[in-house]
Amino acid sequence: MASSAMETCKSEDLHMQVDIEKNAKDIRSQWVLNAHEPPSPWRVVADSVSKTISHYKHKLSSLIDQPCTTLLLSVLQVVFPILAWGRNYTATKFRKDLLAGLTIASLCIPQSIGYATLAHLDPQYGLYTSVVPPLIYAVMGTSREIAIGPVAVVSLLLSSMMEKLVDPATDPVGYTKLILLATLFAGIFQTSFGLLR
């Protein structure tokens, strides 16, 4: 008697589980079939720009009643975060950062020269990319623990794309100009993405 009751309960549980799975599949299929129309790309861009403007408007609304010098200092601190945290920077931190910087430079400089060679560029371009971006990021960046510089994939990608347009062996100046133009546009896009959040 108890075993037949258990079998009945098990069969009811099995039927209930099958019904739940069937209902879940029906709900999923209805969700897929009756999905909302996605927003257009222009709507996505407009929403992003609107959110960015409202974000900055909200940040600056508290500064409207402030004197002009306070307003200017606040805007400069947003653009150059070093102005905010630089006041608390001590000689001990500088010593530690200098040691870390020299250690990283001993690795990054030869590595960057190698990446320039991968991209079929002169070695001095590797030196520029290993020194200039970290200096700019030190003044304008927000993270204190980050590595900035070239990577092998980008060097190979640039080289393979630009070789189709200009041969670096026959026209090295034109090839270098094309690479610099591509990196300029990449920088413009990254800056605009950062400003538009």
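Me: How many aromatic pairs does the count come to?

Reply: Three aromatic pairs. Keep in mind that this is a predicted model.

Me: Why is the pair of Y125 and Y128 called edge-to-face?

Reply: The angle decides. Their planes stand at 85°, and over 60 degrees counts as edge-to-face. The centres are 5.8 Å apart, and the limit for a pair is 6.5 Å. So Y125 and Y128 are a pair, and an edge-to-face one.

Me: How are Y125 and Y128 placed in helix α6?

Reply: They are three residues apart in α6, so about one helical turn separates them.

Me: What makes Y128 partly exposed?

Reply: Its relative accessibility is 48%. Buried needs under 20% and exposed needs over 50%. Y128 falls in between, so it counts as partly exposed.

Me: Why is the pair of F189 and F193 called tilted?

Reply: Their planes are at 40°. Stacked requires under 30 degrees and edge-to-face over 60.

Me: Why does F189 count as partly exposed, and why does F193 count as exposed?

Reply: The cut-off for exposed is over 50%. F189 has 48% relative accessibility, so it is partly exposed. F193 has 56%, so it is exposed.

Me: Which residues make up the largest nonpolar core?

Reply: Eight residues: A116, A119, L121, L158, M162, V166, Y175 and I179.

Me: Which residues does A116 contact, leaving aside its neighbours within four places in sequence?

Reply: L121, D122, P123, Y125 and G126.

Me: How is the lining of the largest pocket divided by residue type?

Reply: It has 29 nonpolar, 14 polar and two charged residues. The pocket has a volume of about 1800 Å³. Of its 45 lining residues, P133, I136, G187, Q190 and T191 are the closest to the centre. The largest share of the lining, eleven residues, comes from α8.

Me: Which element gives the most to the lining of the second largest pocket?

Reply: α5, with ten residues. That pocket holds about 1000 Å³.

Notes. Residues are numbered from 1 along each chain as its sequence is written. This is a predicted model: local features need pLDDT of at least 70, side-chain atom pairs count only at pLDDT 80 or more; totals for chains, interfaces and linings use all residues. Side-chain values use heavy atoms; hydrogens and water are left out. A nonpolar core is a set of buried Ala, Val, Leu, Ile, Met, Phe, Trp, Tyr and Cys residues joined through side-chain atoms within 4.5 Å. Buried means under 20% relative accessible area, exposed over 50%, partly exposed in between (1.4 Å probe, protein chains only). Contact means heavy atoms within 4.5 Å. On a 1 Å grid over the protein atoms alone, a cavity is a set of points where a 1.4 Å probe fits but cannot get out, and a pocket is an open set with protein on both sides within 12 Å along at least five of seven lines; lining residues have an atom within 4 Å of a point. Grid points are joined across faces, edges and corners, and a volume is the space filled by probe spheres set on the points. Helices (H or I, at least four residues) and strands (E, at least two) are DSSP runs, numbered from the N terminus. Ala, Val, Leu, Ile, Met, Phe, Trp, Tyr, Cys and Pro count as nonpolar, Asp, Glu, Lys and Arg as charged, and the others, Gly among them, as polar. Rings of Phe, Tyr and Trp (its six-membered ring) pair if their centres lie within 6.5 Å; planes under 30 degrees apart count as stacked, over 60 as edge-to-face and the rest as tilted.
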